[in-house]
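My notes follow in the order I checked things.

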Amino acid sequence: MYKEIIFILLLLKIIIINCYTFQSSIDNLLYIQNTSTLFAISSSHLHQLHWSTTNQNLLLLHRRVQLHSSIDNSEYGVSVFVYDQIKQLLIICARSSIGRCILYDANDISRTYLLDSIIETNYLGCLSGCYTFISSNIIRSALNGNRVERNGNIINSQIEIGKDLLSYNIKYQLESSDNTLITSLTFLPERLINKHNYEYIYGFDYEQYTYYILKSSRIGRLCQSSIAMRVTYDEIPLLNCNNDKNSSFITGAFHSFDKMNNLFILFDNFVCIYSMNEIISAFKASKIQCQTGNGYRLSHIVDSIELRPICEKTLEQNLTELNECTWQPYRTNIYVDGIVGAIGDLIYQTMRNDIKILFIFAQDNIIIMGTNERRVLKFIQSNRTKLYLLHEAIYHNEPFNSQYVIDSEHESLIFAVASELHRYAYNSCSLYDTCQSCVGSRRYDSKSCIWFDGKCSLSSNSLIFDRGCPPLIDQIKPMNISINTERVLLNITGSFGNMNARFIKVIVRFPLPNQNQFLCTIETIQNDSLICSLIIPKQPVEGIISIDIRPERTLSKGDTDISGLTELTEKFNVYIPKPILLPNFGPATGGTKIRIQNLAFDNSSDLFSTMKIVLGKQQCHITEITTSEIICINQACTNDLEQLELSIQVNNQIWQLEKTYFQCKSDPMVFDWYPKKSILSGGFKLVVNGENLDVVQMPMMKFVYNMSDYEFISLCESITSSQMICLSPGIDKNFGLDPPIDLYVTFIMDNVKIIPEDDILIIVHDPIYYPFKNYIQQINSTNIIKFEGSNLASTHSIDLIDVRIDNNNNACIPFNLTDTYLMCLLSKFALNSLQDFEANVEVRIGTNLTFLIGKIILQNSTQSSLLPVPYIKRQIGLWTTIILIILSSIIILSLIFLLVILIRCRYFRLSEKFHQQNRPPQFYQDVWCELGKKWQIDPKYLTIAEKIGQGCFGDVYKGELKQNDNKTIEVAVKVLRGKIKTQEFFFLS
């Protein structure tokens, strides 16, 4: 029963192999065992696939064709998808009232054979008012080759090829003695489908009968009589083994054709198992009850008006398993509606009612179930009602359905998971992806699965000792350690549940000549972690960490306790550190603060008293030690070209380090600095010019009042080797110092102190910028803003001013500064943002002093934004506009002048004077002599235009000659100037 189900282990990793992915969801599957060919229907297409010959886990697409239009797969789906082994045909029938079918050549699915719709027997259905079988299992039993008189409903199922080789003719004799058997089984009346849930779920053959599982928790059987006359068909109930009245409908079934010979029935979320002996006994008891007049008959077969017609008492008949299906004269078929039901046992039930079981498969003692949680469960059946869960596979992010086929050759199930096909090798050791599942399966499974090299495989030696599993190690830290570390604590995370430290040995093996194994002494141990102490060898080397666990008890077969040896593939590395000096150069006078990084050390000890940092021969004074760096200040170099090698000593022992140097450089020099005036608020940029200014990492500028009363420090930034920027200090008014104030300047460059020639910075009063009079100021088309104030030009220069508009820097460019006012011109960016909005204006002097002036708005901004001229002025400026106007005027005048010239030329060509100058002399028409007759051209076909050249005694004109086909060509016409005959003959020759 359910309470006896033992869950051995739970796996969370997917181990189902993805074989092939379709473009859309898979609707139907068909697998042909002998040829290892898989057929699938997806998105109105028929796919033919086969296993790769080199990789049994790889499914290859062989051919893909569009389903015939008469099979409306997209709307109704396919109800029959079977294979005729003798004829090697695929029979595909649509789910419709007439059950239209198409035959495909299984060897070449591009060849289809259409059935003649005129012949009524060519329909696997009837013409109106009935439905075909929903389940292909039942059709398979009827159409599996030439099964003459096999089930009683098909007497002869011959398929013949027509003469044209393009069509098939299916000859079915759908007849019986009373004609009711065919109506009730082969074609279901509509009233049974709609009113009585009369739907077939599953079918199988057993001994002399074909059994049919009905959705309404009933089982029917059809006698496979040798003579198709008066065959018997009976039904009995399948009693719900869970006594759950809400689960009265069967959702799936499977009959195991093995020595156990059980029938598994699915009721939503639980599974019942029925023995065939129990079912046969229930049929026999129901028939005996009916013969004594105490039962019922099937109303839809006997065609009774009664809902359940009562059995009539008949003569006593001695029926046995041998003669019950044998035809005998005068036997009366009673078509029993049995009252004695088959009783099953509950073997599995889901934890929650919303988890449904979609399918079940059984072979020998292996049971496979699929649930709507996208899970596939593998059980071992210990006895009739006890199951052991050995494996669980989970499909992620994919809808799961009940489409699957059985690949008996490879002992696999092929699943349809949405648009993917997956293969589940239910009887293979490779199914298990962890040592616990692999070794644990041996407790209940007869297969000798062993765990080796990270994989589960079948062992030829069933007696091999592989009890227990090595520990699962997730991580070890650290895996890289400095050679200068004497001892390190290794933190190992993994599975160490309830383990005793004395049964665990952690060893690091190094390829060293004297000692190659270093024991890591265990300090603490928990369920998921272990800490051990390891002594580090004094030379750079790589080692392998191994963890060996020996349990305190002797393990039996299938025990998965933590046991065995695990070696990590990642190497444990002992290295010589390469220090990083920041900076690695400085002035020769010393005083540079150096940060030494990339050193691994134990900062828990008192390193201040035990550590020495040496650069060259001088000690570097340590000021700070953190977990990531050591900070020290160096002393002076011998010269400005010296390289100082880094050396570290701890407890008078010198650390092994890769060679690292500190470069000494020339000391910095300051030539000049400006400006030499600032304000009380400070924040002025002071530009310092000099040499080697970038040698110092943190240059500073010190300001002193009255030699020692007040000191101010400003950090500087090196821009180049010859320039750096500092900020003038701000003077607190609480000091009571009245400007002008003289501050003496000193530059501090590490150990170098530089006092420039001009060493006084004069501090004056802050300038004052007044707010706008009405707080809001309108800006006219000049785009100029005027700020008024006092003490302006005398306190700061124009380059220290930043006019900000709505927090945008340099939005207004200053161009005129006096002691009482400042004028600036709005930038293009500011003009674009000011077209229809007010904007806040502030003036910033240096970095510390800011004045809030008010708001500005463009004058008539709403109107002017619609006009193009002011917008252009705002964009390109006044002078640019004037230049564009001048250029436009010149271009217009040039076009007018060109137009006048063209008009004059036109009138001149039309004038009489032009024609007189360009027309050839009148006497050219008389120049036709005998010598040139054969070249003469009729003058009416010749048009003479302007003169294009001249020679010694003639001129050349441009002309057009009209040919016989009315096409004109351009010609040159040569004309003689004089009238002398000798010239004419010479000219024509």
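This is a predicted model: local features need pLDDT of at least 70, side-chain atom pairs count only at pLDDT 80 or more; totals for chains, interfaces and linings use all residues.

The ring centres are 5.9 Å apart and the planes meet at 20°. Stacked rings need planes under 30 degrees apart, so I logged phenylalanine 772 and phenylalanine 787 as a stacked pair.

I looked up where the two residues sit. Phenylalanine 772 is in the loop between strand 63 (768-769) and strand 64 (776-779), while phenylalanine 787 belongs to strand 65 (residues 784-790). The pair therefore ties together parts that lie 15 residues apart in sequence.

Next I checked burial for both rings. Phenylalanine 772 has a relative accessible area of 8% and is buried. Phenylalanine 787 is buried too, at 0%.

I also noted a cluster: ring pairs link Tyr206, Tyr209, Tyr211 and Phe283.

I turned to charges over ring faces. Arginine 308 lies over the face of tyrosine 296, 4.2 Å from the ring centre. Lysine 665 lies over the face of phenylalanine 585, with 4.4 Å to the ring centre.

Last, I looked up the annotated position. An unreviewed UniProt entry carries the annotation "binding site", which covers Lys974. I placed lysine 974 in strand 73 (residues 968-976). Is lysine 974 buried or exposed? Its relative accessible area is 52%, and the exposed class starts over 50%, so I recorded lysine 974 as exposed.

Notes: Residues are numbered from 1 along each chain as its sequence is written. Side-chain values use heavy atoms; hydrogens and water are left out. UniProt positions are given in the numbering used here, feature names are shortened, and annotations may be inferred rather than shown by experiment. Helices (H or I, at least four residues) and strands (E, at least two) are DSSP runs, numbered from the N terminus. Buried means under 20% relative accessible area, exposed over 50%, partly exposed in between (1.4 Å probe, protein chains only). Rings of Phe, Tyr and Trp (its six-membered ring) pair if their centres lie within 6.5 Å; planes under 30 degrees apart count as stacked, over 60 as edge-to-face and the rest as tilted. A charge sits over a ring if NZ of Lys or CZ of Arg is within 6 Å of the ring centre and within 35 degrees of the ring normal.
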